[in-house]
Amino acid sequence: MSTSKSNLFMVALLLVSMTIINTCGASASTNPKFPAIIIFGDSTVDPGNNNYIDTIFKGNVAPYGINFPGHVPTGRFSDGKLATDFVASSLGIKDAVPPFLDPNLSDDDLRTGVSFASAGSGYDDLTTLLSNVITVSRQVEMFRSYIEKLKGIVGDEEANNIIAQALVVVSAGTNDLIFNFFDIPTRRLEFDISGYQSFLLQRLEDFVKQIYDLGYRNIVVAGLPPVGCLPVQMTVRLENPMNRQCLEDQNSDARSYNEKLVKLLPEIQAELPRSKLVYADIYQPLMDMIIHPQQYGIVETTVGCCGTGVLGLSLFCNSVTSACGNPSQYVFWDSVHPTQQVYRQLAKYIVKEVVPKLLPN
């Protein structure tokens, strides 16, 4: 073989080798650990289901979504993506999780998972009585409809496999305490705080068993955040408006709820063969950002970026009101919900510390 032909042969061989290596590398890095992500809960994980129901609890107006791709309000209660969007993309499932009620969902959207969450929702059906949003229990009925649609796309066997292997995230409970116990004391007529926590945890247990019976096996359950650090809660307490501090009594109640949840999940798992129930600690990562903001590039922890910052929800955070210039320097986007930057940090924690507990050893 001539020298020129030999050189061409070596170049061709090198290119083929590089192609094989690159192809294998791409396959390894993009092959998701879970075929789909399924989400239940409240506004912390609602990507826009409330856009399609009759409620005032909507996040589909500017400036919501100013940092979402395309700079459009999607119904997410933040300036951009939610933690579950970042989790889905980090795991190679999809870039963002769509709402189940979106009428324009593609087959691939359904195959790789959706969110049934509804802003303003909770485990307690009383939580949604005035807001008319979708209770967590009603989200199970939406999931039944999803199953039928999925089976129509991929067939019964593959649908069952997707459901069994999917990553499920459940995030709710904050609205229950705020609407029924702290701010509007409806449930305080029936329960002390310990009793109401037990009531909510029983509703959670019933819910987990329902979705288990429908095929889910890998379930992440988020605990409560430091509720007393939400700007709206500081404002409602109406103590010293010039000295905004977290409410320790409400934070203590959130911590005790989380402690009970940590103990409950293994007990539920023991009753459900081949299930994995994992606790996601939202409290400590969020509290760390509030206590040590400078470590995260944050400068404001007590008011929201949008609206008044102290009573800013969709009613007060809209195209008429102003938003801060740099949401990434704020813990909260409005008076309740974190910024995209905070959600990104929470997602990193979930992917690093929580998701591995669902995977085979």
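This is a predicted model: local features need pLDDT of at least 70, side-chain atom pairs count only at pLDDT 80 or more; totals for chains, interfaces and linings use all residues.
Reply: Gladly! Residues are numbered from 1 along each chain as its sequence is written, and side-chain values use heavy atoms, leaving out hydrogens and water.

Me: How many helices and strands does the protein chain have?
Reply: There are 11 helices and 6 strands in the protein chain. Helices (H or I, at least four residues) and strands (E, at least two) are DSSP runs, numbered from the N terminus.

Me: How do α2 and α11 lie relative to each other?
Reply: Two packed helices are described by the angle between their axes and the distance between the axes. Axes are lines fitted to C-alpha atoms, for helices over the stretch in contact, with angles from 0 to 180 degrees between N-to-C directions. Helix α2 (residues 83-90) and helix α11 (residues 340-354) have axes that come within 8 Å and cross at roughly 45°. Therefore α2 and α11 are oblique to each other.

Me: Which residues of α2 and α11 meet?
Reply: Contact means heavy atoms within 4.5 Å. From α2 come Ala83, Phe86, Val87 and Ser90; they meet residues of α11 including Tyr343, Leu346 and Ile350. The residues of this contact divide into 8 nonpolar, 2 polar and 1 charged. Here Ala, Val, Leu, Ile, Met, Phe, Trp, Tyr, Cys and Pro count as nonpolar, Asp, Glu, Lys and Arg as charged, and the others, Gly among them, as polar.

Me: What about α4 and α5, at what angle do their axes cross?
Reply: The axes of helix α4 (residues 136-154) and helix α5 (residues 156-165) cross at roughly 130° and come within 7 Å. That makes α4 oblique to α5. Phe143 and Ile147 are among the α4 residues in the contact, and Ile162 and Ile163 among those of α5. The contact has 7 nonpolar, 1 polar and 3 charged residues.

Me: Is Ser131 buried or exposed?
Reply: Buried means under 20% relative accessible area, exposed over 50%, partly exposed in between (1.4 Å probe, protein chains only). Ser131 counts as buried because its relative accessibility is 9%. Ser131 sits in the loop between α3 (107-112) and α4. Leaving aside neighbours within four places in sequence, Ser131 is in contact with Asp54, Thr55, Phe57 and Gly120. Across the protein chain, 52% of the 361 residues count as buried.

Note on methods: Angles under 35 degrees count as roughly parallel, over 145 as roughly antiparallel, 65 to 115 as roughly perpendicular and the rest as oblique.
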